[in-house]
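The report below works through one structure, beginning with a helix and the elements packed around it. Please keep the sequence and the model at hand while reading.

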Amino acid sequence: MTIHLQGVHPGAAALVASTLAAAVRPRPPIAFRDWLPENVVLVDGPKKGELWSLEDAPYLGEIADCLSLEHPATSVTVRKSQQTGVSILALAWCLYVAETAPDNVLYALPSIDFLQDMNSQKLSPLIDAWQRETGKEIIFPSVSRSGAGSTIYEKRFIGGTLALANANVATDLSGKTTRYGVKDEVSKWQTHANGDDPETLFFGRFTAFRRTKTYKIFELSTPELDTGDELGEADGHCRIDRSFKRSDQRFWNIDCPECSFSQKQFFENFLLDRAHPHKSRYTCEHCGHEISEIERVPAVRAGHFVASAHGPDRHPGFHVDAFDSLMMSYEAIAEDIIAHSRPGGLGEKGISNLVLGLPAKLKGNAPDHERLMERREGYEEGVVPAEGLLLVAGADIQHTGIWCETVTFGEDRQSWSLVVRFFEGATDDPSRGAWAGLAEFYARPLTDTFGQPRMIEAIAVDGSDGGRMNQALEWARRHRDAFAIKGQPGRGVPAIGLPSKTSIRKTGKRKRFGSAMLWPVGTWGLKSELMSNLHKPGLAAGEPADPPGYCHFSANVNSKEYFLQLTAEAFVAGVVKGKFKEEWKVLRRDNHLLDCRVYAMAMAERLGLTTMSSDDWAEIRARLRPSSQIDLLSPVSHVVKAAPRPAAKETSKAEAEPSDEAPAMSAPAERPRRKWGQR
Ligand SMILES: [Zn+2]
């Protein structure tokens, strides 16, 4: 608007102008930081029902400043872990806009499930509590039929709407012009089936405000996968990490209570106490002081953001992780890391994404097979090392043969691949062909470094293939310590669960073998555990020691084909029919040896790999390691004849009589075992 005031006294002109301005200009908006503690009522957590306070999440203040309407930034990025309170900040921001500068807001999440959960568990309770607390009536009440009120996916208010959108549905992202936007869990947004990028579609809604730069987009997410690309520009790279790398990269710094050195807390300096998580501490990188939880809390409260990247085109970007969060503690961080490290946990990826707020540095989860080959050792095939205390095998059943890997595990979950075999032959008859080959192999002991025979203590045979389930069940029934198993996908499924009784039936025939057990094996957690272990560097990579969980391979055991199969799957997220879906995706058709390894891990878990006490381990070690005297003079004195095998009516000759090369075996019944009910 231009007002011409020619010929008027300059003083009068100024008066008119200022009066007009006062009438036209809205009152200066309240800063978002100041609005928050007066309007946001916490709807969950220990302070449920109380007003939001910056005390509990001090790092949110500066983020709120950038989201304030008078702040010039058009986009604000937060790369975060779980439990940081940033999600509530995003929802509160929408309400702040609705009240103080009403305009259209687009809030997008990666799936309809995410949207429904967010609306019912967070947004609706937040709106209700806000309006109840303050007496304000900003958001129109929900009305089911009338077009005037709010619906589940559209919250209406005078001057605009808050639209909730599924980022993976193009029609949700197209529509009317929008001034404010939230890209929530943006790392889980997927390229649409027609190749359209959801972030590009989302941005299309802001076109009208681009020239004047009067729009604002808030993006926040826990990260996903790191492609290894330094700039994060590579295809498939975590979206929030890409945005963060383009930003000014602010990290929350705290002062060491001892030396006052200002620093960002990083995982590398965390003193994780696995046995006593509450004793976990953090080492000051400057003076080495061990910061305790009691010292951490005031230090985090007094912390401040420090930008680590500078340049004219960088927008405000924040990193917030469990170390910065007052909803977390060193103990809680330790517990989460331990939980993710266990079979059934999410492994390294879970720790990176959910605790550290970092993209998981895994190239499609599996390390390069060539890197794995480079670190092969020279130990002999079938010779159990001194620290190999649990000896197990896993078998994958194909129609033309059986793949099998024998693995030994140590107390700290280090493993050694000892024998890899393909037993060729038909698998439709559990007494013949490849099954007979497996039986013969299983009946023979391996040898340990002390020269003593060692029997495999548990073997898993895969009954997942419907066409071979009966054979697997029957073979397992006939052999000692053999388990027919069935892989179970999904998060949080235990490494090995309780078996289901299955009536074995052949099509058109009566029940032939009676009831047998099919043991469920949680493949996701085991694969995550394996992949994170495969990424660990050890002595072969110049490290001072092999870390817990380290996987040993030998040039005498593990061929290139072995490594290709072991790395044949990757954990990927995708959207199927509008629903967010995660799965282990097969990258190579032959992934049998990966399955074998996972089944062997399940057997080790069954024997107590992660549940036995150090006394239990010491007992096994003492039993397996003969005194040097006995070892030198009478190598057979400790050897015991095997116990008779239960339920082995149709036992093959090879099993009944140990072969000449290995005339005796240790008694499997001696080792301590946990009962199922204790797990
Ligand atoms: Zn210090």
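## A mostly covered helix

In helix α8, the residues R239, I240, D241, R242, S243, F244 and K245 are buried, where buried describes a residue with 20 or more other C-beta atoms within 10 Å of its own, exposed one with 12 or fewer, and partly exposed one in between, the C-beta atoms being placed from the backbone. Helix α8 covers residues 239-246 and is mostly covered, with seven of its eight residues buried. Helices (H or I, at least four residues) and strands (E, at least two) are DSSP runs, numbered from the N terminus.

The buried residues of α8 pack against β1 (75-80), α7 (198-204), β6 (216-221) and β13 (317-320), a contact being a pair of residues whose C-beta atoms, placed from the backbone, lie within 7 Å.

## Basis of the model and overall make-up

The model is predicted, and local features need pLDDT of at least 70, side-chain atom pairs count only at pLDDT 80 or more, and totals for chains, interfaces and linings use all residues. Residues are numbered from 1 along each chain as its sequence is written.

The chain holds 20 helices and 26 strands, and 43% of its 679 residues count as buried. Among contacts between residues at least 6 apart in sequence, 70% join residues at least 24 apart.

## An enclosed helix

Helix α15 (residues 523-534) has twelve residues, and all twelve of the twelve are buried, so the helix is largely enclosed by the rest of the structure. Among them are W524, L526, L530, M531 and L534, together with K527 and E529.

## Two crossing helices

Helix α2 (residues 32-39) packs with helix α4 (residues 86-100) at an angle of about 100°, and their axes are 11 Å apart. Axes here are lines fitted to C-alpha atoms, for helices over the stretch in contact, and angles run from 0 to 180 degrees between N-to-C directions. The two helices α2 and α4 are therefore roughly perpendicular to each other, given that angles under 35 degrees count as roughly parallel, over 145 as roughly antiparallel, 65 to 115 as roughly perpendicular and the rest as oblique.

On the α2 side, F32, W35, L36 and N39 meet A92, W93, L95, Y96 and T100 of α4. The residues of this contact of α2 with α4 divide into seven nonpolar, two polar and no charged, with Ala, Val, Leu, Ile, Met, Phe, Trp, Tyr, Cys and Pro counted as nonpolar, Asp, Glu, Lys and Arg as charged, and the others, Gly among them, as polar.

## A three-stranded open sheet

An open sheet of three strands runs in the order β9-β10-β11 with antiparallel pairing, two strands being paired if DSSP finds at least two bridges between them. Strands β9 (270-271) and β11 (290-291) stand at the edges with a single partner strand each, so one side of each is left without a neighbour in the sheet. Two bridges join β9 to the antiparallel strand β10 (residues 281-283), and L271 stands opposite R281 in β10.

## Individual residues

E185, in the loop between β5 (180-184) and α7, has a positive phi near 45° although it is a residue other than glycine, and it counts as buried because it has 22 C-beta neighbours inside 10 Å. S260, in the loop between β7 (250-255) and β8 (262-264), is likewise not a glycine and has a positive phi of about 70°, but S260 is exposed, with 10 other C-beta atoms within 10 Å.

Conventions: Two residues are in contact if their C-beta atoms, placed from the backbone, lie within 7 Å.
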